[in-house]
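Please open the model in your viewer and keep the sequence beside it. The tour below goes from one selection to the next and says what can be found at each stop.

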Amino acid sequence: MATAKNRTRAPGIPEREAYYRRQFRRFVFFTTLSSIVPLLILGWIFNYYYKDFATARAKTSFVTQLEQHAKLVDLFLQEQVSKLELVVRSHTKDFLADKENLSSIFETINEKKGAFNDLGLIDEKGRHLAYIGPYELMDSNYSNSFWFKEIMTGPSHQVYISDMFLGFRGVPHFIIAVLETDGSERWILRATIETEVFRRIVEDVRVGSTGEVFLLNTKGVYQSNTSQGGKMLEMSVFPVRPFTETVKVEVGRFGITGSEKRPPMQIASYVWLNNPRWMLAMRQDYAEALYDINHVTYVMLIILLVSALAILVVTVFVTKYMMHATRKRDMEVDQANECFIQASRLASVGQLSAGVAHEINNPLAIINFENQILADMEKTSEMDPVFQKQLLKSLTHNSNMIKRCKRLTHSLLKFSRQTESVIDDVDINRLVEDVIPLIERDAASSGTRLILEPQNDLPTILTDSSQLQQVFLNLITNVIDVHDETGYGSVRIITQTNMNDKGVDILISDTGSGIPPERIDKIFDPFFTTKPVGKGTGLGLSICYGIVSKLGGRLQVQSEVGEGSVFTVFLPLEPPAGLKEDGGIK
Amino acid sequence: MKGTRVLLVDDEVDLTDSTKTLLENRGYEVTAVNSGDSAIKTLGQERYDVMVLDLKMPGMDGISTLKEIKKLQISTQILVLTGHGAINTALEAIELGAYDYLTKPCDIDELTEKLEDAIKKGESDNKKPSLFRALNNVIRKK
């Protein structure tokens, strides 16, 4: 039964709290979800496209870098070839066979870069006709050398560039040989390229800390040292790629270069030189080449994380604030409802009492008149003296009781009329005295003594007595309630003339705990209450304030924490002009 | 005052009965009716010095009755009797030409007092036209 009754009512406090908590969680969850998910999607999309873009850029940079490098290497080789060709074309074999001539030519062509290690003139039998260089090679016979065989079996004019080899001198090197045919005579101008100079040109490119640039011959043998430990003339782990004159770029695993356990993912570009058939290649760990992307991804992750956190924190705070506002609003609605219920209850009580009073008045009038008829007859009729005596006594009793009933019905009617505003001459002392019996019981139960100190020659004022009654009823009840906790105290009500403002002051002081300064500004606000939920509506003082202001007066409060409070009602001798006309002065 | 004609109007028969008895004991000539309609009808047929009118009646209520009586332009003085205690209604009645009002329940002495006052007022009202005539005559003679 009790639960069924509860279900129809507004939810109670614990149910409300659970509801607020549920709403709070829900709101935080959905807000966070709806803001963080798009953020993550955005981040993912950005990352996806940026990665594409950055990979393409890294590849392009690999291509252009290698293109330029290949050009450089090629240019160097062609330059050396051109020098030798020029020498061969512009001089006869006999001239070059002279050691002094050859020496001066060696010095001339070697003047700038020092690219040549030595220079030799070799006849068709493979013997040196002349040799300029650091080694004792004058007696060497090249007829069995792979390069000599290769060049002699080729066309009559040709330039041959060998792979790196150790040869007679036991040091890795390569040669450029130019074959010249003069009638039936064939001879070769052969030069060794200074390995260090060549290496500088090939290897002098830094590609991060994991990158390297190197040359491979068609068999996959290193033609240069590499910065990651590859040695000249060793087999490279890097696979020989198909021939191409334009730079190609690939991403993949090309074998272990350093101390890795498994081949790292790498980006590599390569291109084939024309003469000699060497492959110039460049490779770098993918992770390093795309460091920028990884860095951006990392930074973005942090930003995402921070944003998500910020969103969460803001959401929590905003939701908390909103829930607080909702709670406050709900509470106000509750209180307003309560006030409304109370007001309508009062109104219906008023209506009821008016009805009852009226219905009782008629029979009362009849009883009264019948009583008087009997009284009339008693004067003229002869009757038994004892009966007559009793009749008189009964008639007087009846008359008194009727008067009592009349007083009752009249005050009921008065109560029901309280909302009407009637401006009349009012004796404030009398008004306060009338109010006191209504609250004496309250005062007694809270242990409060009521002390009335009226000023005897207080002027009457023109005002609305029934509304003022409500003001004093509210104010005095309020100050009595202040003593609820202590269980003792006194309320002093003083009336006095206010000469300055031409009116009357009514001071109501209590011996309660006083009002803290931070609350004193709020006590006349509607719905402000310090009483437990359900006890006070928070409307009492604001209604008092409204009524007193309407009547042209002032309601003020002074309070000292621990000492008590003094409410001062000032009422003017006459109400504001507008009110006088509206209220209808009798 | 003996011989004064009083018309009682109240829907409550018991009340008019006892009021009638009391007033007759005090020498008034009393007619009692129990609705606004019959009050107007009775007033149209006979002359009354004072009418005691209840404001709250079923059918035609006191205020409507007053409005109708005002149209008749008769010299009967009207005392309003109300159990309602609503001063506003009483004031409205006075504005409509009622002489005074009484709230139920009242003592018979209060009622007779007001009745006498009302009768005096009625007499002076009635004298006014003749006084005017006398005055006019005096002026004309001059």
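## Salt bridges and the interface

Over all chains, a search of the whole structure, which is a predicted model, finds 24 salt bridges. Side chains of opposite charge can pair when their charged atoms come close. The first stops visit several of these pairs.

**Stop one.** Select A:Glu185 and A:Lys93, which form a salt bridge whose closest N and O atoms are 2.5 Å apart. This pair links distant parts of the chain, since A:Glu185 belongs to strand β5 (residues 185–193) of chain A while A:Lys93 belongs to helix α3 (residues 93–97) of chain A, 92 residues apart. With a relative accessible area of 33%, A:Glu185 is partly exposed, whereas A:Lys93, with a relative accessible area of 14%, is buried.

**Stop two.** Move to helix α6 (residues 195–203) of chain A, where A:Glu203 and A:Arg199 lie 4 residues apart, about one turn of the helix. Their side chains meet in a salt bridge, at 2.8 Å from N to O. A:Glu203 has a relative accessibility of 23% and therefore counts as partly exposed.

**Stop three.** Select A:Asp118, A:Arg169 and A:Arg190 together, and you will have a network of salt bridges that links these residues.

**Stop four.** If you leave aside residues up to four places away in sequence, A:Asp330 touches A:Arg16 and A:Tyr20.

**Stop five.** Now show chain B by itself, and follow its elements from the N terminus on, where they run β-α-β-α-β-α-β-α-β-α, giving 5 helices and 5 strands. Chain B has 142 residues, of which 43% count as buried, and chain B exposes about 7,400 Å², with carbon and sulfur atoms supplying 50% of that area. Among the contacts in chain B between residues at least 6 apart in sequence, 62% join residues at least 24 apart.

**Stop six.** Within chain B, select B:Lys104 and B:Asp10, whose side chains meet in a salt bridge at 3.4 Å from N to O. B:Lys104 sits in the loop between β5 (100–103) and α5 (108–141) of chain B, and B:Asp10 in the loop between β1 (5–9) and α1 (13–25) of chain B, so the pair ties together parts that are 94 residues apart in sequence. Both B:Lys104 and B:Asp10 are buried.

**Stop seven.** Finally, bring both chains back into view and turn to where they meet: 19 residues of chain A are in contact with 23 residues of chain B. Between them, chain A and chain B bury about 2,000 Å², and 57% of this is on carbon and sulfur atoms. Select A:His358, A:Ile366 and A:Phe369, which supply 30% of the area that chain A buries against chain B, more than any other three residues.

How many salt bridges are counted between chain A and chain B? The count is 1, and to see such a pair, select A:Asp376 and B:Arg26, whose closest N and O atoms are 2.5 Å apart. On the side of chain A that touches chain B, α8 (291–380) and α9 (385–416) of chain A each supply at least two residues, and α8(A) gives the most, with 13 residues. The residues on that side of chain A divide into 6 nonpolar, 6 polar and 7 charged.

Definitions and conventions: Residues numbered from 1 in each chain as written. Chains lettered and ligands numbered in written order. Predicted model: local features only at pLDDT ≥ 70, side-chain atom pairs only at ≥ 80, totals over all residues. Heavy atoms only, no water. Contact = heavy atoms within 4.5 Å. Buried area = accessible area lost by both parts, 1.4 Å probe. Salt bridge = Lys/Arg side-chain N within 4 Å of Asp/Glu carboxyl O. Nonpolar A, V, L, I, M, F, W, Y, C, P; charged D, E, K, R; others polar. Buried < 20%, exposed > 50% of the residue type's maximum accessible area, 1.4 Å probe, protein only. Areas by Shrake-Rupley, 256 points an atom, 1.4 Å probe, with all protein chains shown as cover.
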